[in-house]
Amino acid sequence: MPDLWQDAMDHAVAVAKKAGEIIRDALQNDMKVMCKSSSVDLVTKTDQKVEQLIIASVKEKFPEHGFIGEESVADGQPCVLSDSPTWIVDPVDGTTNFVHGYPFVAVCIGFAVNKKLEFGVVYSCIEDKMYTARRGKGAFCNGESLQVSDQKDINQSIIATEFGSDRDPEVVEKIFSNMRKILCLPVHGMRGAGSAAINMCLVASGCVEAYYEIGVHCWDVAAAAVIVEEAGGVLMDLEGGPMDLMSRRIIAANNKTIAERISKEIEAYPALRDDAPPGTTE
C-alpha cells in the first residue's frame, strides 16, 4: 500500500524548491511592495505568486485536500483547520527581510490530518537550507539529522524572539518588557532572524535554546513545529500547557525546563486567534 503522506511530503519538498527559485529570482528584480494591516506588515507580488504556485501544484496532485494560506486568508478566505488533510502555507516567511535583502527568508509548508501536524518543510531559500520533518521519523537539514541543544540552564542559553508588526505603543512596551525580563535572568543573549520558521529551525539545529513570540500566525509556525519536535524539542503555550496552533502565541524550546522558565517570566497579552469568526475584535 502506498504511503500517501510520504508522497505528499515529497511533493512539498519539490514545490518548496520551485518556490525558492522564484524568490531568489525576484531578489534580482524590482519588487512591488504593498501593505497589509500596517505600514510594516508587507506583502509583495512574490508572496502571492509563490502561494498560487504551491496551491495550484497541490490541487492538481491532491484535489481533495484543503488549504490555509497567508495570502488567501488576507484575501478573505476562512482560516479553519478541519479533520481533512490540510496544507498550511506561508509562501514567504520573512517578507520584510525579503524586501530589504536580509538573507533569512523561508517557504513554509505544514501538513495536518485530523488537526494533527504530520510533516513540515521549511526552505530557507537564500541560504539553500531545506529543513524537513515527518511525525515519528526525525528532523533533517539538507539530509543531515537535527538535534536540539542539551543545555538545561537558561543562564547559559540564547533565546530568540521577534518584534512583530504591531507598532501600538502599549504592545511595543510589552514586547520590550518581556525581552528585558528574559535578558536580565540573565541569558547569554537574544536573537531574531526575522522569520518565525527560521528561528524555530535554529532551535531544532541546537544553536538556539528557545524561541517565543506573541502575534505569530498558524502558517508561520506549523511547518517548523514538526521540525522542532522531531529534533527532540518541545512546544508550549506562553501560559504553559500544549501549543494551540491557532492561538497566535508559542514557545519552542530544546526542553521543558527552558520552556517553563520562559513561560514563568514573560507576560502574555491578547492576540486575536487565527480561527476567530470574521468581525471579532480583541
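F62 counts as buried in this predicted model, at 3% relative accessibility; buried denotes a relative accessible area under 20%, exposed one over 50%, and partly exposed the range in between, with a 1.4 Å probe and protein chains only. The model being predicted, local features need pLDDT of at least 70 and side-chain atom pairs count only at pLDDT 80 or more, while totals for chains, interfaces and linings use all residues. Residues are numbered from 1 along each chain as its sequence is written, and side-chain values use heavy atoms, with hydrogens and water left out.

The structure holds 7 aromatic pairs. A pair is assigned if the ring centres of Phe, Tyr or Trp (its six-membered ring) lie within 6.5 Å; planes under 30 degrees apart are termed stacked, those over 60 edge-to-face, and the rest tilted. One of these pairs joins F62 and W87 in a tilted arrangement, with 5.9 Å centre to centre and 35 degrees between the planes. Because F62 is placed in the loop between α2 (45-61) and β3 (66-69), whereas W87 belongs to strand β4, this pair ties together parts that are 25 residues apart in sequence. Helices (H or I, at least four residues) and strands (E, at least two) are here DSSP runs, numbered from the N terminus.

W87 is likewise buried, with a relative accessible area of 0%. W87 also pairs with F119, in this case edge-to-face, at 5.9 Å centre to centre and 80 degrees between the planes. Since W87 lies in strand β4 and F119 in strand β6 (residues 116-124), the pair ties together parts that are 32 residues apart in sequence. F119 is buried, its relative accessible area being 0%. A single aromatic cluster is formed by W5, F62, W87, F111 and F119.

With contact meaning heavy atoms within 4.5 Å, and residues up to four places away in sequence not counted, R134 touches D3, W5, Q6, M9, E118, F119, V226 and E230. R134 is buried, at a relative accessible area of 11%.

Several backbone features were found in loops. Most residues other than glycine have a negative phi, and most peptide bonds are trans. K115, which is not a glycine, has a positive phi of about 65 degrees. This residue, K115, is located in the loop between β5 (106-113) and β6, and is partly exposed with a relative accessible area of 48%. N142, also a residue other than glycine, has a positive phi near 50 degrees. N142 occupies the loop between β8 (139-141) and β9 (144-145) and is partly exposed, at 47% relative accessible area. A cis peptide bond, with omega about 0 degrees, joins L185 and P186; P186 falls in the loop between α5 (169-183) and β11 (189-191).

Two further loop positions were examined. P103, in the loop between α4 (95-100) and β5, counts as partly exposed at 34% relative accessibility. Residues up to four places away in sequence being left out, P103 touches I126 and E127. V80, in the loop between α3 (70-74) and β4 (86-93), is exposed, with a relative accessible area of 54%. A C-alpha separation of 25 Å is found between V80 and Y211, which are 131 residues apart along the chain.

Over the whole protein, 8 helices and 14 strands are assigned. The radius of gyration, taken over C-alpha atoms, is 18 Å, close to the 19 Å that the globule rule (2.2 Å times the number of residues to the power 0.38) gives for 282 residues, so the protein is as compact as a globular protein of that length. Along the principal axes, the C-alpha atoms fill a box of roughly 50 × 45 × 40 Å. Buried residues make up 51% of the 282 residues. Of the contacts with a separation of 6 or more, 65% are between residues 24 or more positions apart.
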